[in-house]
Amino acid sequence: MSQDSTAAPESARKLSGRRRREVVAVLLFSGGPIFESSIPLSVFGIDRQDAGVPRYRLLVCAGEDGPLRTTGGLELTAPYGLEAISRAGTVVVPAWRSITSPPPVEALDALRRAHEEGARIVGLCTGAFVLAAAGLLDGRPATTHWMYAPTLAKRYPSVHVDPRELFVDDGDVLTSAGTAAGIDLCLHIVRTDHGAEAAGALARRLVVPPRRSGGQERYLDRSLPEEIGSDPLAEVVAWALEHLHEQFDVETLAARAYMSRRTFDRRFRSLTGSAPLQWLITQRVLQAQRLLETSDYSVDEVAGRCGFRSPVALRGHFRRQLGSSPAAYRSAYRARRPQGEPMPPGVMEPGVPAQASAHTRRAAAAAGAPGQPTASSALPEHGKPGSDMYAAGPGRPSLPGQRSAP
């Protein structure tokens, strides 16, 4: 549960003399996706004082020699270079072009200096890989797009990667999940700097909810991560996916891997970016989500077919992960699904047993990938129709899906 604060963050009070809190530097690289790059430019670079949004001063900086090529072959020319970062109180890395390529050394040095001088450092989506390469995430909680979280965890084992969160605020270093979660984090920054009213006004201008409930769980593709395919643990993970209808625990998985529980936990986290118990619970909830969407099983039957020891256990985990009860989730999904619309390819039809093959299970997961009309999109903000997500009003309590420093 996050704790939003309207007080100035500690890092802002320790800025070096040449840096200004209201100055935001956005660091762009060649090959970066244009959507993620445009998010901080739109949030911090447009004057919306007429709507009650305090103004920031934006510095768009090239992280390497230009021209910078982006999505679709477009070429960009940034008005500033790395030297301009020395004036910024906040530095944003909106995305990195490739999780397998090392960022430029000069850019990493500039980020380290900025952090040492009190600047707030922000990584959106794969921008977290740049922050990690600079050593700014060592020993810290962080997130990134769920698809890249296992790679981030494996490459930088000292980073506490949490693939469930939409964003993580660790005080002077902040990270977000992919694409739209970058908007969530930028709104959070405005809320931290200037309060809920300013963030709400900006959200209305952008026509987005000021706060989103839930995390990344509802978007995860639960097929095996690419990097685990050749690992001995892959067989154990595949077995778990095939037997979700059975009641087993992490000790069972560790025994199948011929490892102690402690060794298994460590190896599993390094490969998937998640603790095995949390992964197993999330897998069971995801299976329940599919059965609620595609079958007429009762909630009690769904609980049994997903390996939960009781319907009460299913309801508790389901609500924690998706912000809704199983019954309300099914009702919302069916209300939103157009009448007569066929089942998505690969999704289990009503009556198909939960013991379906891993291939079927992965195909079903792919049908719920980002960009598809998933059931989770049927849940309005706060789990009720007619949400006032765009209406003005006092700041709401913090919600799951966004994590802040205690």
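Trainee: How many residues of helix H8 are buried?
Mentor: Helix H8 (residues 233–242) is mostly covered, with 7 of its 10 residues buried. Buried means under 20% relative accessible area, with over 50% exposed and partly exposed in between (1.4 Å probe, protein chains only). Helices are DSSP runs of H or I, at least four residues, numbered from the N terminus.

Trainee: Which ones are buried in H8?
Mentor: Leu233, Ala234, Val236, Val237, Trp239, Ala240 and Leu241.

Trainee: What sort of model is this?
Mentor: A predicted one: local features need pLDDT of at least 70 and side-chain atom pairs count only at pLDDT 80 or more, while totals for chains, interfaces and linings use all residues. Residues are numbered from 1 along each chain as its sequence is written, and side-chain values use heavy atoms, leaving out hydrogens and water.

Trainee: Helix packing next. At what angle do H2 and H6 pack?
Mentor: About 25 degrees, with the axes of H2 (residues 34–45) and H6 (residues 180–194) 10 Å apart. H2 is therefore roughly parallel to H6. The cut-offs: under 35 degrees is roughly parallel, over 145 roughly antiparallel, 65 to 115 roughly perpendicular, and the rest oblique. Axes are lines fitted to C-alpha atoms, for helices over the stretch in contact, and angles run from 0 to 180 degrees between N-to-C directions.

Trainee: Which residues meet there?
Mentor: From H2, Ile39, Pro40, Val43 and Phe44. From H6, Gly182, Ile183, Cys186, Ile189 and Val190. Contact means heavy atoms within 4.5 Å. The residues split into 8 nonpolar, 1 polar and no charged. Here Ala, Val, Leu, Ile, Met, Phe, Trp, Tyr, Cys and Pro count as nonpolar, Asp, Glu, Lys and Arg as charged, and the others, Gly among them, as polar.

Trainee: And at what angle do H11 and H13 cross?
Mentor: Roughly 95 degrees, with the axes of H11 (residues 276–294) and H13 (residues 311–322) coming within 10 Å. That makes H11 roughly perpendicular to H13. Their contact has 7 nonpolar residues, 5 polar and no charged.

Trainee: New topic. How many aromatic pairs are there?
Mentor: The structure holds 6. Rings of Phe, Tyr and Trp (its six-membered ring) pair if their centres lie within 6.5 Å; planes under 30 degrees apart are stacked, over 60 edge-to-face, the rest tilted. One of the pairs is Phe264 with Phe268, tilted, at 5.7 Å centre to centre and 40 degrees between the planes.

Trainee: Where do those two lie?
Mentor: Both are in helix H10 (residues 261–272), 4 residues apart, about one turn of the helix. Phe264 and Phe268 are both buried. With Trp279 they form one aromatic cluster.
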